[in-house]
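I opened my notebook to see how two chains meet and what lies inside them. Here is what I looked up.

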Amino acid sequence: MTEIKSSLGLSRDIPIVPLRNWGRWVSSVVIAAAAIALIVGLSHAQIVWGDIPKFFTYRSMIKGMFSTVVLACACQGLGIVIGVVIAIMRRSKNPVTSWLAWFYIYVFRGIPALLLLFIFFNLALAFKSLGIPGIFSVSTNTVFTPFVAALFGLGLNESAYYAEVVRAGFNSIDHGQVEAAHSIGMTPAKTMRRVILPQAVRVIIPPTGNDFISMLKNTSLASVISYSELLMAAGNIYSTNFRIMEALMAATLWYMVLVSIASIGQYFIEKRFGSDRSNASSMTLKKSWRQSMSPGGMLKRFGVGGGGVAL
Amino acid sequence: MTDTSLALLRAINVHKRFGHLEVLKGINLEVETGQVVCLLGPSGGGKSTFLRCINHLERIDEGQIWVEDKPIGYRFANNKFYEIREREAALQRVPIGMVFQRFNLFSNRTALENVAEGPIQVLKLSRAQANERANQLLDRVGLNGFGDRYPAQLSGGQQQRVAIARSLAMKPKLMLFDEPTSALDPELVGEVLSVLRDLAAEGMTMIVVTHEVGFAREVADKAVFMFDGVLVEEGNPDEIFANPKHDRTKQFLSKVF
């Protein structure tokens, strides 16, 4: 009692003992041991490491990489356009329209993307030609090239998911703002453009980035309908030289590079659209990285240093 | 075309149902140009619903609401009422301002942009003209210099005053206030009521749903009591407050004072 009393008077000199996070030390040691085991294991692996950078920069590999990017962008674009339309249809007061939108989502979320790719690729088996009878007609095979089949297969699959993303964005807008827009004489279309969409975009962008990153990788499915993207390029390499693991790892590296670029892009787009300006965090990518990954910051989280004296 | 002998707002036998629940059971009300009408009564009595019907945020099931020479929600031709599309309804709402309990400002736009939005998008004013009008209105509601603030950076009272300015920017002939101070901290109520007082003094026609009996007594030309979707008593506020005729009104006032 008297001790506390006297210390209250001398609070200037009382040291503070930082929390020692023993659990963090233990788990770090376990992880480090596992990492060493992995490295040792890999060094015994029968992989010609030098082949990986070689394959990585093969012309066919880089061409495949570009094809992957083109297909992913096209599919995501198609998915976004159709997804937004479907989401708006679901809001429709016309029961037929909103039901159709629901049914569309139900169907295309239900079909595996790979299966959808096969269906579009083999469409010519069911329909020899496409068009309006007597007006124009084209051979299905010339329309549904591997690229177009992949575009529709992956794009329609994505559109069903994306419609739900957009719907969530719409639902996040307070209905009061919609009524306020109506009360000053804004039409429903104008309210959608000026009030709902700009605010929904903020909610929609992070999952869009997620979807695009998924899409980059899902394009590898298109290799099974002979669209020559990254995975197929790797396959072409190892089918001639049998360096299977090396070629696959080169492809892996490319996917990692693409996903990294997409993640950085997502960060900047989120920053551009996500700013509410009223509550925007001013932290930059560099700063937040520095803060979480700097040695000082890391040590602090283990309870090293940081101790001090209360004022 | 406009018959000046007619009241600005005429509600005739207005019914509104939500499913089986009849919220408005035949409301009749007239509001003259320049009049301030306070709608009083317990929550759930249909006051807000009636206000929302006037602005066609709710479609009425029976009866008519005329604002000037326009039947709300309809086009009158060939002695028939034709239901109108949302696009036309939007036009009908332009001369009718509405202020909500929860302010409902556009949270992604500044105070100035909130006020200028209607003039730019609906009245097709140039941005410069709209901003000038918006600045004048912000000044008028005592928010000079707050134009570049976002709603989240404003207090409730300030947000509500921006919302009032946003409605005024459309140069309305009739202003509807749906419990404009109910969501405010007690010390912020005064600043909003004083804006309403100024508007009333300038001759704005207003219908105010409120629980502020003191305000109603001071500012209203007509007090109207509504219980369970029925308009039970209306008249001069001093007379009604001093000596209510209907039992429900007596009961209500005895609880409020």
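**Entry 1: the model.** I noted at the start that this is a predicted model.

**Entry 2: the interface.** I looked up which residues touch. I found 22 residues of chain A in contact with 27 residues of chain B. The area buried between chain A and chain B came to about 2,200 Å². Carbon and sulfur atoms give 53% of that area.

Entry 3: Arg52(B) forms a salt bridge with Glu179(A), and their closest N and O atoms are 2.5 Å apart. I also found eight residue pairs in polar contact across the interface. On the side of chain A that touches chain B, helix 10 (175-183) and helix 11 (188-218) are the elements that give two or more residues. I sorted that side by class: seven nonpolar, eight polar and seven charged residues.

**Entry 4: the cores.** The largest nonpolar core has 50 residues. Ile164(B), Phe177(B) and Met206(B) have the most contacts inside it. Helix 6 (residues 186-201) of chain B gives the most to this core, with eight residues. I then checked Met206(B). Leaving out residues up to four places away in sequence, Met206(B) touches several residues, including Val36(B), Phe177(B) and Leu196(B). A second, separate core has 46 residues, among them Phe55(A), Leu116(A), Leu117(A) and Ala160(A).

Methods: Residues are numbered from 1 along each chain as its sequence is written. Chains are lettered from A and ligands numbered from 1 in the order in which they are written. This is a predicted model: local features need pLDDT of at least 70, side-chain atom pairs count only at pLDDT 80 or more; totals for chains, interfaces and linings use all residues. Side-chain values use heavy atoms; hydrogens and water are left out. Contact means heavy atoms within 4.5 Å. Buried area is the accessible area (1.4 Å probe) that two parts lose on being put together, summed over both. A salt bridge is a side-chain nitrogen of Lys or Arg within 4 Å of a carboxyl oxygen of Asp or Glu. A polar contact is a pair of N or O atoms within 3.5 Å; within protein, one must be able to donate a hydrogen and the other to accept it, and residues adjacent in sequence count only if both atoms are side-chain atoms. Helices (H or I, at least four residues) and strands (E, at least two) are DSSP runs, numbered from the N terminus. Ala, Val, Leu, Ile, Met, Phe, Trp, Tyr, Cys and Pro count as nonpolar, Asp, Glu, Lys and Arg as charged, and the others, Gly among them, as polar. A nonpolar core is a set of buried Ala, Val, Leu, Ile, Met, Phe, Trp, Tyr and Cys residues joined through side-chain atoms within 4.5 Å. Buried means under 20% relative accessible area, exposed over 50%, partly exposed in between (1.4 Å probe, protein chains only).
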